[in-house]
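Please view the sequence and the structure before reading on.

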Amino acid sequence: QSTWGLVSFQKLVCSRSFAVGRFVRVAMSSALRNSYYDLDAILMEEERLPVKFEIDANHLGIVDPGCVTDSIPAGSRVDIPMWLATALGTRGTVTLSVPKYLRQNARQHLLADARALSLADRSPYFYEVGIRMAVLANNDELAHVLRRTFYARCREILDNASNMGSVDCSEFVRRLTVLEGELFSKSHAAADELVKFKRRQSSLIRPSAVVTRK
């Protein structure tokens, strides 16, 4: 099911742009594949998800700051790390819920004008958490909203990365998620390389220091 969800989301992305789709295909794979050496994958797994415990959970009181005992009683609603929520969810110990920033009201705001929102304030791994939840819940609507959100913001990101030049863009970058920030950095670097190529600065053959040495 997880593999099907990732492939489906990739097809939705790649249907609009091969170049951007290829970038997202690599970056979004961290949402479904654990990598021991991938720091972003590790940090993403620490994002907290709201869950409801269906049974008494002995010796798990430590994951709930508000719990005064060693155990979490059945019916409790707490936020726990994604890696733990996923593991307990597959065993039927908890029922997962989507975070507030991915619920129906939040989706309406995303569809209205995703460019005006600071997704980094919601979660630095907004897309990765979103696609993981869409796959776990088999929620095609959420995957569709994520795709539209990304493309609405992608155009602005690519435009700013290509045209900002030496202008301070720290405030704009601050509003971007980790995925969007990486896209901005790569696009900005590509734009700089294109300018150098047009000015023939990238093809200059400089004499060796051995030849010019006096």
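Helices (H or I, at least four residues) and strands (E, at least two) are DSSP runs, numbered from the N terminus. The model is predicted: local features need pLDDT of at least 70, side-chain atom pairs count only at pLDDT 80 or more, and totals for chains, interfaces and linings use all residues. Residues are numbered from 1 along each chain as its sequence is written, and side-chain values use heavy atoms, leaving out hydrogens and water.

**Salt bridges**

- A salt bridge is a side-chain nitrogen of Lys or Arg within 4 Å of a carboxyl oxygen of Asp or Glu; by this rule there are seven.
- K186 pairs with E182, their closest N and O atoms being 4.0 Å apart. Because they are four residues apart in helix α10, about one helical turn separates K186 and E182.
- E141 and R107 form a salt bridge at 3.4 Å, N to O. This pair links distant parts of the chain, with E141 in helix α8 and R107 in helix α5, 34 residues apart.
- D121, E171 and R174 are linked in a network of salt bridges.

**Accessibility**

- Buried means under 20% relative accessible area, exposed over 50%, and partly exposed in between (1.4 Å probe, protein chains only).
- R107 is buried because its relative accessibility is 6%, whereas E141, at 39%, is partly exposed.
- D121 is exposed, with a relative accessible area of 54%, and R174 is partly exposed at 42%.
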